[in-house]
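Work through the following exercises with the coordinates open, and try each task before reading its solution.

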Amino acid sequence: MEVAEAKSKKAGPRQCSTCNERRAALKRPKTLEQICRECFYAVFEEEIHQVIVENQLFKPGERIAIGASGGKDSTVLAYVLSELNRRHNYGLDLFLLSVDEGITGYRDDSLETVKRNEIQYGLPLKVVSYKDLYGWTMDEIVKMIGLKNNCTFCGVFRRQALDRGAAMLKVDKLATGHNADDIAETVLLNILRGDIARLSRCTSITTGEDGPIPRCKPFKYTYEKEIVMYAYFKRLDYFSTECIYSPNAYRGFAREFIKDLERIRPRAILDIIKSGENFRISTSAKMPEQGTCERCGYISSQKWCKACVLLDGLNRGLPKLGIGRARGLNNGLEKDSKQTNGTKNIQSKQCGTLDF
């Protein structure tokens, strides 16, 4: 009889471990607590608010661009920042900033989501495109180089495109939806690549403070699974399809490894971030000196920034020119190249001077 009663108690609905009033609706991936929806919303938003306050991410009166792709991370970031800005009187002017890479069947669809978010959240939207900035779409780039190294081109171009869009909006900071999973993956990737320079700064919640437009990550300690849960329960409008050109991206292998670790030990994600924060780079390690690109004026540790090198290779019909760490990567790139084999002249679409 006692065993039967114990079983029925165990099988009954659990109460929320936070309020002890409502029925638990989910288990938090970060803490494994049984919690109701209302308490989950409150604790999710409060944790992000505390990260913003403790790290002094924003100042009253600042113009903030939110990198908006239409995916779950950026959609939740736009929604939560809008809510917190009103609730806690941050005094921020918020904008949505999207990059159109020119990927048919993926980015064109996700941008429709961003346009709906513009209306739903009442935030002005600015869209910049690879075609306008560089003279190439990702569809055209992939057609030339294939699928193997396309993420290198897209990552480099996208970063610079966001900075250019932020400069057009004349914002003070750019907020991105990078979450705890993303940062843990980046720590592992930089270790695997032996990239000391990036390893030393990849866990920083704010980067580029010495540059024209700093970037910040309000979701630094927020788990991807919790972002998905929040978007699902709040019924937010977001685009969930993965990029059609990145199924074999190197980052994907690190992501799968992180997921495996999380299943065994949920705190593993935060532990990896903490390890990255505590890394100390040897004083004897030679770090790249930051300067500006001689061609477009963008931040670079070389004569030409990576975007200009890649763009030069595309325009000269040598798309592999900027791939890898070849010696003398910039050697000879300053020389004007004549149009050959039907490719575009390098001067026809320059990387462009950043208006900072």
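UniProt positions are given in the numbering used here, with feature names shortened, and such annotations may be inferred rather than shown by experiment. The model is a predicted one, in which local features need pLDDT of at least 70 and side-chain atom pairs count only at pLDDT 80 or more, while totals for chains, interfaces and linings use all residues. Residues are numbered from 1 along each chain as its sequence is written, and side-chain values use heavy atoms, with hydrogens and water left out.

**Exercise 1.** Locate the annotated C-terminal domain and describe its span.

*Solution.* The unreviewed UniProt entry places the feature "domain: Cytoplasmic tRNA 2-thiolation protein 1 C-terminal" at residues 291–321. Taking helices (H or I, at least four residues) and strands (E, at least two) as DSSP runs numbered from the N terminus, one finds that this span is 32% helix and 13% strand, with its end C-alpha atoms 22 Å apart.

**Exercise 2.** Determine whether K30 is buried or exposed, and list its contacts.

*Solution.* Begin with the position: K30 is found in the loop between strand 1 (26–27) and strand 2 (34–35). Next apply the accessibility classes, where buried means under 20% relative accessible area, exposed over 50% and partly exposed in between (1.4 Å probe, protein chains only); K30 counts as buried because its relative accessibility is 17%. Finally, with contact meaning heavy atoms within 4.5 Å, and not counting residues up to four places away in sequence, K30 touches E47, Y221, T222, Y223, E226, P266 and L270.

**Exercise 3.** Classify the aromatic pair of Y130 and F157.

*Solution.* Rings of Phe, Tyr and Trp (its six-membered ring) pair if their centres lie within 6.5 Å, and planes under 30 degrees apart count as stacked, over 60 as edge-to-face and the rest as tilted. A search of the whole structure finds 14 aromatic pairs. For Y130 and F157, the centres are 5.9 Å apart and the planes make 85 degrees, which is edge-to-face. Y130 lies in helix 5 (residues 130–134) and F157 in helix 7 (residues 150–169), so the pair ties together parts that are 27 residues apart in sequence.
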